[in-house]
Amino acid sequence: MEVLKQRILEEGIVISDQVLKLDALLNHQVDPQLTMDMGREFAERFADSGVTRIVTVESSGIAVAFATAFVMNVPLVFARRKKTLLADPDALCERVPSFTKGIVTDIMLSRQFIGPEDKILFIDDIIANGDAARGLIKIIQRSGAELVGLGVVVEKSFQAGARTIREQGIRLESLVRIMSLSEGKIVFDD
């Protein structure tokens with residue numbers, strides 16, 4: 001997506017050779033038109049997959065996952081990172097480290113919203129090391145649902161996350177691939 005690349009170049013902030021801050025696009029502020037365009041792109045790429053539900057992990061993936069679910073006319077379910085008093089005691093849980101937060105959290109998905117009859121499309125904002133993605137993939141597998149693929153807005157191809165997911169035989173589609181953040185410059189992997 002050329003428009004997404006351009007916006008990343010204009011509004012992304014390189015924090016280090018490992019971290020790209022995309023608060024103006026994905027993680028703090030959301031551009032509704034760009035988000036809907038991303039949702040349409042994912043819906044088009046996975047149109048033949050028979051998707052019955054979109055899943056994501058709260059919170060940065062929710063906007064793009066919602067746009068995709070809206071276009072595909074299927075429900076969106078997001079895995080929570082915090083237990084509440086109303087949390088499903090029988091929820092599917094997985095403990096995952098967070099690359100950007102530097103902590104370990106639990107992600108939880110209620111069995112009420114995912115089951116063996118589902119074909120799941122997992123949508124997320126960024127894949128770096130892939131820990132959260134692998135955790136949610138384990139939850140999807142334990143639910144008995146079929147994972148038809150993973151769509152990510154930004155793949156940091158210089159980190160192992162996307163590669164390890166693809167090595168599991170999982171279809172992974174990225175809207176943009178970044179091969180380097182060295183010397184404060186964003187270099188795309190075309």
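Helices (H or I, at least four residues) and strands (E, at least two) are DSSP runs, numbered from the N terminus. By that rule V77 is found in strand 4. The model is predicted, so local features need pLDDT of at least 70 and side-chain atom pairs count only at pLDDT 80 or more, while totals for chains, interfaces and linings use all residues. Residues are numbered from 1 along each chain as its sequence is written, and side-chain values use heavy atoms, with hydrogens and water left out.

V77 counts as buried because its relative accessibility is 8%; buried means under 20% relative accessible area, exposed over 50%, and partly exposed in between (1.4 Å probe, protein chains only). In a regular strand the side chains alternate between the two faces of the sheet.

From strand 3 the chain passes through helix 4 (residues 62-72) to strand 4 in a right-handed β-α-β crossover, meaning that, with the strands pointing away from the viewer, the path from the first strand over the helix to the second runs clockwise.

The buried residues of helix 4 are V64, A65, A67, T68, A69 and M72. Just after this helix, N73 takes a positive phi of about 60 degrees.
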